[in-house]
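Thanks, everyone. Please bring up the model, and I'll walk you through it.

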Amino acid sequence: MRRLELSKVIIYIILFATTLAVLIPLLNLLALSLTAPGRAHLMSGLDIWPKGFSLMNYKLLLSNPLITGSIANSVWVTGVGTLLNLVLTSMAAYVLARTTFIGKKLILLFLIVIMVFEPGLIPEYLLVKDLNLMNKLTALILYKAVNVYYLFILMRFFQDIPEEIMEAARIDGAGHFRMYTRIMLPLSKPALATLGLFYGVFRWNEYFRATIYISEPSKWPLQVVLRQFIVRKDNTSLIGNQNNLFDSSVAFDFASLQAGTIIIAIVPLLVLYPFILKYYAKGALEGGVKD
């Protein structure tokens, strides 16, 4: 019993230390972004409380059309793209997992080859160019419309649904579309929520394709703007003429503005995650009871 309690204490200590290692940098960024202009140099890497509370950094950032426009672009690409991902992935998973047709094994083999050997960037770029999708957010939405690895995960989930339920639906006269919408999707909420989170995080954090396909700054997603400010140190487009909106005596610190931009980029995912957790818990409880 003592050994068991000691092992629990060790696990708790490790989890607590890991949590601190994750939270302290985030809290430090938040404190730095809320620090009064001109006092950011007083902050150290372990400070989690701002040196003089101020919202001036966020007022400057959210008054910049480049920031607000990029947020809207990211929300649009993430929302529409994730919805498209879930629809196409679930429909393909249903067809491949619950139906039988000629050439099914060949299609599965083809998908495995695609998963292992992804097409190169140059053919992808030429395809986007031929489709006249350059400098359009549609190119980012259509990219990775179906992730083959996630497709196989959802196929496995669909295969675990009892065949008796499907047979009862067939007896009642349900076709494939009705079984897909009325049976498969409602019973697969935990799996769809999980894949939706994965797809959403990928969509929100994607910047590489946007830097290739999108040339107009007004169409940049937030991650490209974040890269512009954090990696390339482009403080000119960040501040620009925005100082005209504030007191000229206010000296904005670029490190605080960078921290504020990072916080704006990660907050949506932190807000979304608790809403997804209830589906994880529901799925775990449903799987814990056997007839």
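I'll cover a helix pair, a surface patch and the salt bridges. One caveat: this is a predicted model.

Helix pair first. Two packed helices are described by the angle between their axes and the distance between the axes. Take helix α4, residues 104-116, and helix α7, residues 148-159. Their axes come within 9 Å. They cross at roughly 135 degrees.

Which residues make the contact? From α4, they are L108, L111, I112, I114 and M115. From α7, they are V148, Y149, L151, F152 and M155. By class, that contact has 10 nonpolar residues, no polar ones and no charged ones.

Now the surface. There is a nonpolar patch made of L106, L109, I112, V113, M115, V116, F117, Y149 and I153. Together they have about 890 Å² of accessible area. Which helix gives the largest share of the patch? That is α4, with 6 residues. Both α4 and α7 supply at least two residues each. M115, one of the patch residues, sits in helix α4 and also takes part in the contact with α7.

Last, charges. Side chains of opposite charge can pair when their charged atoms come close. The count here is 5 salt bridges. One of them joins E163 and R98, with the closest N and O atoms 2.5 Å apart. E163 lies in helix α8, residues 163-171, and R98 in helix α3, residues 65-98, so the pair ties together parts 65 residues apart in sequence.

Technical notes: Residues numbered from 1 in each chain as written. Predicted model: local features only at pLDDT ≥ 70, side-chain atom pairs only at ≥ 80, totals over all residues. Heavy atoms only, no water. Axes fitted to C-alpha atoms, helices over the stretch in contact; angles between N-to-C directions. Helix = DSSP H or I, 4+ residues; strand = E, 2+ residues; numbered from the N terminus. Contact = heavy atoms within 4.5 Å. Nonpolar A, V, L, I, M, F, W, Y, C, P; charged D, E, K, R; others polar. Patch = residues over 30% accessible without salt bridge, like charges linked within 9 Å, V, L, I, M, F, W, Y side chains within 5 Å. Areas by Shrake-Rupley, 256 points an atom, 1.4 Å probe, with all protein chains shown as cover. Salt bridge = Lys/Arg side-chain N within 4 Å of Asp/Glu carboxyl O.
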